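Please read the points below with the coordinates open.

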Amino acid sequence: MASPRLETFCCPNRDAATDFVVSFQPDLFAALGLTSATLSLLFAVLQILPKRKGYRRLGQYPLPRPASSSRIVFIISICDILGCIGIIVRSSVWLGLPNIIERISVANSTEVWPEVFCVGSAMWIQLFFSASFWWTFCYAVDVFLVVKTSAGISTIILYHMITWGLAVLLCVEGVAMLYYPSISDCEQGLQHAIPHYVTTYAPMLLVLVANPIFFNRTISAVTSLLKGRQGIYTENERRLANEIKIRFFKIMLVFFICWVPNIINESLLFYLEMQKDINDNGFRNIRNAALITWFIMGILNPMQAFLNTLAFHGWTGFDVDFRLLQRRKLAWDSASTSVPNTAAQNPTVGTTLLYQSHVQEAKKNMMSDGQHSDAISVLSEGSESSTVEFHISSEIREYEDVDADGESLENSVRH
């Protein structure tokens, strides 16, 4: 899991609250974390692998290269997976070498490698989960900008600079303040620990506070856009808005479930840390609550990798097609030259509004042609198989009938 307490634990002269939770049943905690991270890693990788389902239709109508929001979703999954790998390595070492915790706890020890592994694994986990937080924030900003302005694929470079720059800067700054003047002789006092905790929880709190605001404004903007298309707000438009609300709600629900226990646990431990004697009977309930949330964190934190893929993609199934990556690359390459002709031959694809940069392209087409597009396709999960199309005109049925007749004719020719 990702907690600043695990980095504080690397100091031999750690505070009593940190020593209390980390030293309580460390083997059980490591086993739970290892199991959770392994399952989350396997299912997350399975989720993002290409699937055979629906590929024929995608091959029939080539799609452009993925937009920035699709890339952001993929990067979030990669960050979560790398964080899970760090948890797996650390938990495996803790279980395989149970005396490593005792060797870290020895003050003025001449052994360097236990402390190096402790700090290195903790920083690895914090870095990639912190980067996941920043990318989640950028996703909320990106989907808002796509609807409101002409944000395009070029903004992904800016997102890289912001996310990785802030993640590395805050991680290094927090650790430097915590381990001053050295790892084996950390300076005691909240003035050194608090900056480390702030740099850890700042991006988490940013997502919890800012993302709902951006999502809400995005929903309002989409609703206004739909109303302005035909001057009415039909059941289909309402269904589209509800689908977007549900998707954003799932994203925030996953984040809330996985990380709010960290905030609760940190508040309890901070309260215990302020007391003279945390073993006093009057703090028994607080100690128990801190231990319960500590183990909940060990289970839920790594599960974000899998749960995030469910929130963004839905369940994609087990039908993995490893050849699809090469096919998709060829389709994208051919799409750069064939999309205009394809759009002319197939009105559905030609006038489809994708959730990312294709929204802006469709706006240009509507202005130049003086016509409303016949379908809106919301691609917010970063996977073609999870594209959700909402038809908002009566003419779309004609296009579907034409497509169905074409497939029937194709089948009859084969037979």
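1. Burial is used throughout as follows: buried means under 20% relative accessible area, exposed over 50%, and partly exposed in between, with a 1.4 Å probe and protein chains only. Gln25 is partly exposed, with a relative accessible area of 45%. Gln25 lies in the loop between helix 2 (16-22) and helix 3. Its phi is positive, about 45°, although Gln25 is not a glycine.

2. On the source: this is a predicted model, in which local features need pLDDT of at least 70 and side-chain atom pairs count only at pLDDT 80 or more, while totals for chains, interfaces and linings use all residues. Residues are numbered from 1 along each chain as its sequence is written, and side-chain values use heavy atoms, with hydrogens and water left out.

3. The chain has 15 helices and three strands. These are DSSP runs numbered from the N terminus, helices being H or I with at least four residues and strands E with at least two. Of the 415 residues in the chain, 47% are buried. A contact means heavy atoms within 4.5 Å. Among contacts with a separation of 6 or more, 81% are between residues 24 or more positions apart.

4. A nonpolar core is taken as a set of buried Ala, Val, Leu, Ile, Met, Phe, Trp, Tyr and Cys residues joined through side-chain atoms within 4.5 Å. The largest such core has 51 residues, and those with the most contacts inside it are Trp135, Tyr139, Phe215, Phe248 and Trp259. Elements that give two or more residues to this core include helix 5 (68-96), helix 9 (190-230) and helix 10 (235-273). Helix 7 gives the most to this core, 13 residues. A second, separate core of 29 residues includes Cys118, Cys186, Ile278 and Leu291.

5. What does Trp135 touch, leaving aside its neighbours within four places in sequence? The contacts of Trp135 are Ile72, Ile75, Ile76, Cys79, Ile156, Tyr159, His160, Thr163 and Trp164. Of the residues of helix 8, Ile156, Tyr159 and Thr163 are among those that are buried, as are Ala167 and Leu170.

6. Helix 8 (residues 155-178) has 24 residues and should span 34 Å at 1.5 Å a residue; its end C-alpha atoms are 34 Å apart, which agrees. The expected span is 1.5 Å times one less than the number of residues.

7. Ser130 is in helix 7. At 6% relative accessibility, Ser130 counts as buried. Not counting residues up to four places away in sequence, Ser130 touches Ala167 and Pro203.

8. Axes here are lines fitted to C-alpha atoms, for helices over the stretch in contact, and angles run from 0 to 180 degrees between N-to-C directions. Angles under 35 degrees count as roughly parallel, over 145 as roughly antiparallel, 65 to 115 as roughly perpendicular and the rest as oblique. The axes of helix 5 and helix 7 come within 9 Å and cross at roughly 160°. The two helices, helix 5 and helix 7, are therefore roughly antiparallel to each other.

9. For helix 3 and helix 11, the axes come within 8 Å and cross at roughly 5°. That makes helix 3 roughly parallel to helix 11. Residues of helix 3 that meet helix 11 include Leu28, Phe29, Ser36 and Phe43; on the helix 11 side, Trp294, Phe295, Pro302 and Met303 are among those involved.

10. Val93 is in helix 5. Val93 touches Ile100 and Phe117, not counting residues up to four places away in sequence.
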